[in-house]
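I opened this model to look up its pocket, its rings and its strand pairing. My notes follow in the order of looking.

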Amino acid sequence: MTFLKLDGLSKTYGDYVAVKGLSLDIDRGEFISLLGPSGCGKTTTLQMIAGFVDPTHGRIVVDGQDVTKLRPEKRGMGVVFQSYALFPHMTVADNVSFGLEMRGMARPERQKRIAETLELVHLNGLDKRYPRELSGGQRQRVALARAIAIRPQVLLLDEPMSNLDAKLREEMHIELRAIQRHLGITTILVTHDQVEALTMSDRIAVMHGGRIVQVGSPLDAYERPESPFASSFLGKINAVNGQVINTRSDCCEIRIADMTVLVPHEGRDIGSQVNVYVRPEKIRIATQGEASKINGKVTTRVFLGSHWMLEVESVLGSLRISLPNTGVAPPQEGETVGVAWSDKDLRVLTAEASHG
């Protein structure tokens, strides 16, 4: 059942349209990410939900109540900013206590809530420290603690981990998701980081040009992108131009270069021009005795620890291939290799879908 409803939200600044007709239904306890590049409207959307920016058009409804005109402090929302926005002159405990005091919570209950929340974010024993005495990861936890201490109806996260190093960011993805599930708070994350969105979300809303161009589970959004933009922004992709030459009950026959591929049927018309997409990890170097689809020359080989990234020049153009690290090095740059894939891993998008 819908808990938070964004109904036709738009925001304009003069002639500039930051968000246009955005609608989204979010369930109670759901974790959803607004994913997109800078300037796509995701932060403006979050600010409208929080009450920091007034919508030009549209409504925001929380648990059946229209909160569009309510002041931010009346909306029952917790916010974690990219900069954390901690009070530098206050201790950790005082920062966490701030929202509780503003709500008139009695001191004994307030002290209990502070202790519970600091334990939840693994900051036990740091209550008397000041923000300047903490690491970046600890400051991020304080900001989260302050936001969730009030037990908000909705938790809003504005690029909260962009200032952390890669290892700590990965740890916080898992930690924050566990905390969100434990508390059951409806959560909206704004991010440009595809890994962050894939790791933490129940659903991802991909944004482009002030609109949502796709909404789905992380798996659906990644495996079945609905536009060229969504396919390229949510992970690396290989794209090849083709033409539909026949349709069957379960697939399309598509001509690319001098070969025919069978793509799972997606309702394309015979003769239509399409883009055929395949993820780098769905392509492999053909083993000895295995039939390859095409041959190509390895032009680039990069070791990334858990996997190798190869670029292979072929009749289809330059193909990017991701190979798992099995402990054996793949072919060297300059070697000719056979390239193979399963047609079931191919996806097609028509030109009409390219603008979402």
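I began with the largest pocket, which has a volume of about 500 Å³. I took a pocket, on a 1 Å grid over the protein atoms alone, as an open set of points where a 1.4 Å probe fits, with protein on both sides within 12 Å along at least five of seven lines. Lining residues have an atom within 4 Å of a point. Grid points are joined across faces, edges and corners, and the volume is the space filled by probe spheres set on the points. Of the 17 lining residues of this pocket, I noted Met77, Val79, Phe98, Arg103 and Ile150 as the closest to its centre. The elements giving two or more residues to the lining are β6, α2 and α4. Helices (H or I, at least four residues) and strands (E, at least two) are DSSP runs numbered from the N terminus.

Basis of the entries: this is a predicted model, where local features need pLDDT of at least 70 and side-chain atom pairs count only at pLDDT 80 or more, while totals for chains, interfaces and linings use all residues. Residues are numbered from 1 along each chain as its sequence is written, and side-chain values use heavy atoms, with hydrogens and water left out.

Next I looked at α2. Val92, Ala93, Asn95, Val96, Ser97, Gly99 and Leu100 of this helix are buried (under 20% relative accessible area; exposed is over 50%, partly exposed in between; 1.4 Å probe, protein chains only). Their cover includes α3 (107-120) and α4 (136-149). After α2 comes Gly104, with a positive phi near 75°.

I then turned to the rings. Rings of Phe, Tyr and Trp (its six-membered ring) pair if their centres lie within 6.5 Å; planes under 30 degrees apart count as stacked, over 60 as edge-to-face and the rest as tilted. I have four aromatic pairs by this rule. One of them is Phe87 with Phe98, tilted, at 4.8 Å centre to centre and 55° between the planes. Why did I note this pair? Phe87 lies in the loop between β6 (77-80) and α2 (92-102) and Phe98 in α2, so the pair ties together parts that are eleven residues apart in sequence. Phe87 is partly exposed at 25% relative accessible area, and Phe98 is partly exposed at 30%.

Phe87 also has a charge over its face: Arg146, at 5.3 Å from the ring centre. Arg132 lies over the face of Tyr130, at 4.8 Å. The rule needs NZ of Lys or CZ of Arg within 6 Å of the ring centre and within 35 degrees of the ring normal.

For the strands, I counted two as paired if DSSP finds at least two bridges between them. β2-β1-β4-β5 is the order of an open, antiparallel sheet of four strands, with β2 (16-27) and β5 (65-66) at its edges. β4 (57-62) and β5 share two bridges, and Val61 is partnered with Asp66.

In β1 (2-13) I checked Ser10. Ser10 is buried, at 11%. Beyond four places in sequence, its contacts (heavy atoms within 4.5 Å) are Val19, Lys20, Gly21, Met48, Pro55, Thr56 and His57.

Last, β3 (31-35) runs parallel to β9 (203-208) over four bridges, with Ser33 partnered to Ile204. β9 pairs antiparallel with β10 (211-216) over five bridges, and His208 stands opposite Arg211. This hairpin has two residues between its strands, and Gly209 in the turn has a positive phi of about 60°.
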